[in-house]
Amino acid sequence: MSRPGQGVTMPVNGLGFPPQNVARVVVWEWLNEHSRWRPYTATVCHHIENVLKEDARGSVVLGQVDAQLVPYIIDLQSMHQFRQDTGTMRPVRRNFYDPSSAPGKGIVWEWENDGGAWTAYDMDICITIQNAYEKQHPWLDLSSLGFCYLIYFNSMSQMNRQTRRRRRLRRRLDLAYPLTVGSIPKSQSWPVGASSGQPCSCQQCLLVNSTRAASNAILASQRRKAPPAPPPPQPPPGGPAGTLAVRPSATFAGAALWAAPAAGPAEPAQPLSASPRSPSAPSGAPTPGQNNLNRPGPQRATSVSARASIPPGVPALPVKNLNGTGPVHPALAGMTGILLCAAGLPVCLTRAPKPILHPPPVSKSDVKPVPGVPGVCRKTKKQHLKKSKNPEDVVRRYMQKVKNPPDEDCTICMERLVTASGYEGVLRHKGVRPELVGRLGRCGHMYHLLCLVAMYSNGNKDGSLQCPTCKAIYGEKTGTQPPGKMEFHLIPHSLPGFADTQTIRIVYDIPTGIQGPEHPNPGKKFTARGFPRHCYLPNNEKGRKVLRLLITAWERRLIFTIGTSNTTGESDTVVWNEIHHKTEFGSNLTGHGYPDASYLDNVLAELTAQGVSEAVAKS
């Protein structure tokens with residue numbers, strides 16, 4: 001299926017707004033840790049647009065319109081979102097869509113997460129779903145957008161093609177996103193000591209506004225003390241004439257207090273707030289550091305200053321930098337400097353700390369078996385990769401026939417139970433009439449028998465059945481994990497939060513191979529990136545319980561599957577399968593480490609949702 005309503009960013013004179021007299025819907029989006037652009041709500045986008053018209057190089061306090069976004073500020077000059085309490089910064093962009101698309105009509109498509117809350121789809125996916133909905137398609141395949149999901153409009157559900165797991169989805173009418181025609185007023189820099197109109201009196205705006213004059217005063221003091229700048233480099237022979245002019249940022253006036261101290265002795269530290277002007281750029285072209293709303297971030301300056309010394313007694317401030325490379329980002333340095341200068345504190349920015357993924361080296365003699373867990377290794381082999389079960393026999397095994405069904409919807413086909421199944425004419429099975437209705441034994445939910453046969457036929461066909469309403473599992477659920485090896489043992493090191501406890505290390509190793517008949521593309525090669533993968537548990541009672549259940553899940557091929565990576569976008573590769581593991585040993589910078597007080601309880605709940613529990617593991 002085609003990909004309608006694709007967002008575009010149309011640069012005109014370096015600014016992110018559409019051509020003259022062309023109406024477009026404006027959607028502001030932020031980049032998450034999976035490199036996916038997530039839309040702000042329509043209310044937030046209206047607020048950003050209003051601030052943009054007033055001051056295109058200022059800042060937007062998101063907490064003014066959304067209480068959940070109180071810690072966040074958007075800097076319009078650098079096009080980055082800054083979180084004040086953690087220092088995290090993410091790129092933002094201003095995207096344009098057709099007024100007749102979903103955002104122009106105020107239509108939002110959302111899916112239900114594990115906590116029961118509703119999450120909006122990415123904007124391009126939302127537009128694609130709405131387009132198919134308007135054309136009255138019965139279903140939609142999202143694989144063309146890089147997602148292994150099927151959307152069923154009759155049941156208003158989303159199904160994972162690999163795991164067959166279903167989630168509810170809904171279509172909601174909300175405020176339409178802002179509409180813009182032509183260009184907006186010219187950008188203005190932050191005023192110092194003056195403002196136009198009545199200033200906002202909220203605490204966040206007072207904090208930001210109160211620091212501007214202080215930041216500029218500190219910068220002026222540093223300029224007076226700074227040594228003369230070195231002469232600009234000469235252009236190469238035969239190259240264009242011109243010089244490299246470096247100027248401090250007008251927005252982040254307090255950012256260039258100190259150079260980044262992480263550079264080596266022979267490596268000059270780069271300035272935290274400088275923007276080069278290209279000698280070959282035409283006179284009318286925008287320069288880095290000016291307002292470029294179609295760019296995800298400012299261009300960085302080259303190394304032009306010598307390493308600066310840090311005054312004694314000034315504490316270093318570690319700041320999170322999401323890309324993990326190079327010096328501290330200029331916008332992040334500026335926002336941090338602005339916020340801390342309000343308290344009169346000197347600012348010294350350092351590189352972000354790196355996660356501690358692995359423990360110190362361990363000798364073979366120090367590696368011990370895990371108490372109460374037999375063996376140190378489990379393998380999955382090709383001979384138990386496929387179980388052939390007759391769909392009709394499996395369904396009848398777990399269901400009881402209902403003679404007089406109630407006048408309710410079948411949540412699979414969304415037809416009434418007193419009428420024929422929606423799969424009549426689509427799926428034919430001897431002995432399964434489309435009007436037959438059955439009740440699942442334990443949970444009591446009722447469905448057309450033909451609907452359950454269709455659902456089972458589209459799954460792993462392993463002899464188990466999962467209720468699509470309450471997720472109760474009948475039989476032993478197995479997955480599509482490729483062959484591999486799982487090792488586990490004790491190491492004499494402690495995890496953060498478990499100081500007096502040794503650590504259980506789990507090592508998963510899966511080689512590349514050829515996909516089997518149960519995989520998305522049988523006969524095609526699959527990749528296995530990042531193996532062997534090391535995971536960690538505390539060696540306490542609950543940690544050993546989790547290990548025993550993970551061994552059961554491994555033997556049932558539920559730990560991994562073959563699909564599309566959410567991190568890299570690569571398809572036909574081995575990915576985690578909804579059972580979270582801790583892969584960071586000595587820190588928790590990525591969210592996959594310790595301390596995490598609720599992790600063991602959470603992973604036990606995830607294992608139970610896959611049909612793996614202590615009672616089942618002992619049987």
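Visitor: Which residue in strand 12 stands opposite Leu-140?

Guide: Ile-151 does. Bear in mind that this is a predicted model, where local features need pLDDT of at least 70, side-chain atom pairs count only at pLDDT 80 or more, and totals for chains, interfaces and linings use all residues. Residues are numbered from 1 along each chain as its sequence is written, and side-chain values use heavy atoms, leaving out hydrogens and water.

Visitor: What makes strand 11 and strand 12 (residues 149-152) a pair?

Guide: Pairing takes at least two DSSP bridges between two strands, strands being E runs of at least two residues and helices H or I runs of at least four, numbered from the N terminus. Here 3 bridges join them, so they qualify, and they run antiparallel.

Visitor: Why do strand 10 and strand 11 count as edges?

Guide: The open sheet has 6 strands in the order 10-9-14-13-12-11. Strand 10 (118-120) and strand 11 (139-141) each have a single partner strand, so one side of each lacks a neighbour in the sheet.

Visitor: Why is helix 6 called oblique to helix 7?

Guide: The axes of helix 6 (residues 391-398) and helix 7 (residues 449-457) cross at roughly 120° and come within 9 Å. Angles run from 0 to 180 degrees between N-to-C directions, with axes fitted to C-alpha atoms, for helices over the stretch in contact. Under 35 degrees is roughly parallel, over 145 roughly antiparallel, 65 to 115 roughly perpendicular, and the rest oblique. That makes helix 6 oblique to helix 7.
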